[in-house]
Amino acid sequence: MADTAFLELDGKRYEFPLVKGSEGEVGIDIKTLRAQTGAVTLDPGFKNTGSCQSAITFLDGEKGELRYRGYAIDELAEKASFLEVAYLLIFGVFPTSEQMQKFESAIKKEAVLDPNLVRIIDSFPSSAHPMGVLSSATSALIAFNPSSVNVSSEEDMYRAIVRIMGKFPIMVAHAQRKMTNQPYVQVDTSLNYIENFAAMMFKTQGKEYTQNAIITDALNKLLILHADHEQNCSTSTVRVVGSSHAGLYASISAGISALWGPLHGGANQAVLEMLEAIEKDGGDTKKYMAKAKDKNDPFRLMGFGHRVYKNFDPRAKIIKLTADQVLADLGVHDPILDVAKGLEREALEDNYFVERKLYPNVDFYSGIIYRAMGIPVEMFTVLFALGRIPGWVAQWREMRLNNEPIGRPRQIYTGETLRSLDR
Ligand code: SDX
């Protein structure tokens, strides 16, 4: 392939260099487009636009492949811990046992919330959606850790990273306990990251919490599967907010808000609500398939379709298998899982979905596992955010260390031309 691309505009020919990625992806570098031609590109939703060059996550939407720093997602989900994957995403190397020990103990040191931050979380009504609580509490973290992240100091950045890794699971557990009117559970640093999180989430007041390997293994796998996904909506939000040199926590707080939307991470809650509605409707999947295909009906088959995957989302495959295992191991028979499988079967045989390459995505089955764990449906997207923290941190860190320019797209103005008030 040549090294340049040509554009012809108003009879003039312009040349632009090509950028080629390590997996053969090709980008047309249009940094000089407006200066040379006076024109800008227009690409609503950035479906054809690369915002950056990144070495963190690679996904092949046609093949349904996903890799973190070159490691295949199924291998990491099977063989690694969530903290090892977090370290890999953020620092680019799989940690040695010494690096892991340092990382884990630094995170444990940070596993405490300022009492006034607990008061902020506690001040929300139990009816508050926990994504709003977490976005606010993450922004409030800045007030209790005012030193903005000096990106040129590795030590300073490392401290900011282990701080959010240590505090975020506590804020998540507190949000759930507040929502379910249960007392907060204290951190137990004798436990590992996932076990401590499970105890803070599920411990019954006045009783010893007995760890359940089915739960902790499933949580470890789910957090790994959600950890990063290149330039999705919320990660792009973290990058754009961070590109103004707003701090790490302000950028992550914005990312949490972007993830909340039902077209993005909020889909895992919307999937469960949809499946419950279908089940209540006597399992009439055909009615909902028809609604999803009806252009006049805003209803979409939640958990289906993806901006990049035009094949099975590899995470959905793993989560579907995990759902079968977890429900069987927990002895839970959830008719919702049967509804989901029925819906998947129908959609995969339906022309509308086949033509548009709409397959189950990461959100289609994850909620069934969270539900089997007794997690309230409003908390599903919060669990997604907990998994995505290392990805957001890694992408923010890469963007700042690469000195990326402030994100500020252009537009095509279609409003009124110059007019006067005639006063
Ligand atoms: C996540 O980007 C990421 O990486 C995100 C994520 C991550 O890890 O960060 O993977 C997590 O957000 C997964 C996606 C969760 N969202 C949902 O499950 C919501 C339901 N899905 C859709 O809303 C939709 O598929 C999107 C938003 C996910 C993708 O939308 P696009 O890429 O903008 O595609 P589109 O809306 O242009 O759809 C193309 C066609 C349209 O029909 P036509 O106009 O061509 O006739 O497919 C149709 C759409 O109407 N379509 C659907 C559909 N998804 C797309 N029709 C019915 N049900 C659906 N779910």
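Mentor: Rings of Phe, Tyr and Trp pair if their centres lie within 6.5 Å. In this predicted model, ring pairs of that kind link Phe304, Tyr352, Phe353, Phe364 and Tyr365 into a cluster. The structure holds 14 aromatic pairs.

Trainee: Why is the pair of phenylalanine 91 and tyrosine 158 called tilted?

Mentor: Their planes stand at 35 degrees, with the centres 5.8 Å apart. Stacked needs under 30 degrees and edge-to-face over 60, so an angle in the remaining range counts as tilted. This pair links distant parts of the chain, as phenylalanine 91 is in helix H3 and tyrosine 158 in helix H7, 67 residues apart.

Trainee: What makes tyrosine 158 count as buried?

Mentor: Its relative accessibility is 11%, and buried means under 20%. Tyrosine 158 also has lysine 102 over its face, at 4.0 Å from the ring centre.

Trainee: Back to the cluster, then. Why is the pair of phenylalanine 304 and phenylalanine 353 called edge-to-face?

Mentor: The angle between the planes is 75 degrees, and over 60 counts as edge-to-face. The centres are 5.9 Å apart, and the limit for a pair is 6.5 Å. Phenylalanine 304 lies in the loop between helix H13 and helix H14 and phenylalanine 353 in helix H16, so the pair ties together parts that are 49 residues apart in sequence.

Trainee: How do you know that phenylalanine 353 is buried?

Mentor: Set its 2% relative accessibility against the cut-off of under 20%. Phenylalanine 304, at 11%, counts as buried too.

Trainee: Which charged end sits over the ring of tyrosine 352?

Mentor: That of arginine 356, 3.8 Å from the ring centre; the distance limit for such a contact is 6 Å.

Technical notes. Residues numbered from 1 in each chain as written. Predicted model: local features only at pLDDT ≥ 70, side-chain atom pairs only at ≥ 80, totals over all residues. Heavy atoms only, no water. Phe/Tyr/Trp six-rings, centres within 6.5 Å; stacked < 30°, edge-to-face > 60°. Helix = DSSP H or I, 4+ residues; strand = E, 2+ residues; numbered from the N terminus. Buried < 20%, exposed > 50% of the residue type's maximum accessible area, 1.4 Å probe, protein only. Lys NZ or Arg CZ within 6 Å of the ring centre and 35° of its normal.
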